[in-house]
Amino acid sequence: MPSERVRGRLALLSGVVTCLITVPAYAAPNEAAISSESALRQSIAELVAMPGGPPGVAVVVQIGSSRTFYAGGVAALGGRAPRITDHMRIASIAKAFSGAAALVLVDNGVLRLRDTIGRWLPYLPTRWHRVTLRELLDHTSGISDFSLNPKFLPAVRKSPKRPPRPRTLLRYARATLNFPPGTEYDYSNSDNIAVGLMIQAATGRRYARLLTRDVLTPLRLVKTRLPVGARLDRPFIHGYALDRKTGRPDDDVSQDLAAGWAWASGGVVSTPADLNSFIRGYVSGRLISANLGARWQRLFMPASGSEPRGPGFNSAGMALFRYQTRCGTVYGHSGNTLGYTQYAFSTPDGSRSTTVSINVQVTQKSKGQQARVFRGLLRVAQSAICQALH
């Protein structure tokens, strides 16, 4: 529990929004831009001030080469505001990273979208063998989510900082499929574990090394990595869980869980700046040829929500989601894990982007006051998109 001094410090900072802006000297803000920025500032301040809301919010908005950072609240209870270079867990946005790494290999002829689990991972259950790489990236594989197995959480609690090997995670998924591959959509953390394993099998190299070579280095993401353990590089935005008695985000869980428990499905650590650079580069196709980029950007399934769900009408594609909002359409991904919830969005050409990060875990499945916090987060995400697209 934080002291009264800490609580007072948090209350003082919760209504403050710091804005760092880089704008060309000749650019004069128009009325629409001023209005959308005001809405974004207000939505950030309201979210931080909510009962049970996040201690801090970090938002990046970039239009062309002009990048703006908005920080509300604090990176740690009793501390300073979040910074654009602070490390944080990006949760399921890591799935977009494994998707990017896989598509680079597809573009180079090392993998094919029609390659099957049976070809590269024959040790996995026989009924999975006809599942293709594309179906894994689309979440149409039919493989159950390993993290939903009743035995999974007890295993995590028994050894939170010592994760098993990645292939062991899939032992918690059922050997049978939920449906024939390619016939339905079902978001599953197992899919991207299998993608990471296929990448390793096809190249003979560890997935983390391929991720660095083919994604992080080309996009100059120098503060992004895929660790195994629970330690976060400093400085970092501290992630919090709600105190069961007070309902406040008082319990610092930043380094309570090893990244290896999510691996290619949710283990990546990044910064607001790097995450923004990644989503611009990935969505715009900077990592792959124009031909492949044109193909996969057309393949989206309507009414297929991300986790957590994003603003507007959601559609799923190959390791990405399309969000059709009141201010326009963007592509990206979302994620939530212990202590963090994340959004990253970009226009198809990568010229306009935004990321939204908070240091508590909320989702559309939240109940009571946390459901209201999630709606507040969606307002921030929608306002950030409007600011980027104005």
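A: One may begin with a definition: axes are lines fitted to C-alpha atoms, for helices over the stretch in contact, and angles run from 0 to 180 degrees between N-to-C directions. Two packed helices are then described by the angle between their axes and the distance between the axes. The model discussed here is a predicted one.

Q: At what angle do helix 3 and helix 9 pack, and how far apart are their axes?

A: The angle between helix 3 and helix 9 is about 75°, and their axes are 9 Å apart. Angles of 65 to 115 degrees count as roughly perpendicular, and helix 3 is therefore roughly perpendicular to helix 9. On the side of helix 3, the contact is made by F97, S98, A100, A101, V104 and L105. Helix 9 contributes Y207, L210, L211, R213, D214, V215 and L216. By class, the residues of this contact divide into 10 nonpolar, one polar and two charged.

Q: How do helix 3 and helix 8 cross?

A: For helix 3 (residues 94-107) and helix 8 (residues 189-203), the axes come within 10 Å and cross at roughly 35°. The crossing of helix 3 with helix 8 is left-handed. In this contact K95, S98, A101, A102 and L105 of helix 3 meet N189, N192, V195, I199 and T203 of helix 8. Five nonpolar, four polar and one charged residues make up the contact of helix 3 with helix 8.

Q: Which general rule relates positions along an α-helix to the direction in which residues point?

A: An α-helix has 3.6 residues a turn, so residues three or four places apart point the same way.

Q: What is the span of helix 10, and is the helix enclosed or open?

A: A span is read against the value expected at 1.5 Å a residue. Helix 10 (residues 272-283) has 12 residues and reaches 17 Å from its first C-alpha to its last, close to the expected 16 Å. As for burial, 11 of the 12 residues of helix 10 are buried, so this helix is largely enclosed by the rest of the structure. Among the buried residues are D274, N276 and R280, together with L275, F278 and I279. Just after helix 10, G285 takes a positive phi of about 80°.

Q: Which residues other than glycine have a positive phi, and are they buried or exposed?

A: Two cases may be set side by side. R220, in the loop between helix 9 and strand 5, has a positive phi of about 60° although it is not a glycine. R220 has a relative accessible area of 71% and is therefore exposed, the cut-off being over 50%. W263 lies in the loop between strand 6 (251-252) and strand 7 (269-270), and its phi is near 45°. At 8% relative accessibility, W263 counts as buried, since buried means under 20%.

Q: Where are cis peptide bonds found, and what is omega there?

A: A cis peptide bond joins R234 and P235, with omega about -5°. P235 is in the loop between helix 9 (207-216) and strand 5 (240-241). Another joins E307 and P308, with omega about 5°. The place of P308 is in the loop between strand 8 (301-302) and strand 9 (313-316).

Q: How many helices and strands does the chain have?

A: The chain has 12 helices and 13 strands. Of its 390 residues, 58% are buried.

Definitions and conventions. Residues numbered from 1 in each chain as written. Predicted model: local features only at pLDDT ≥ 70, side-chain atom pairs only at ≥ 80, totals over all residues. Heavy atoms only, no water. Helix = DSSP H or I, 4+ residues; strand = E, 2+ residues; numbered from the N terminus. Buried < 20%, exposed > 50% of the residue type's maximum accessible area, 1.4 Å probe, protein only. Left-handed = near helix turned anticlockwise from the far one by under 90°. Contact = heavy atoms within 4.5 Å. Nonpolar A, V, L, I, M, F, W, Y, C, P; charged D, E, K, R; others polar. Expected span 1.5 Å × (residues − 1). Parallel < 35°, antiparallel > 145°, perpendicular 65-115°, else oblique.
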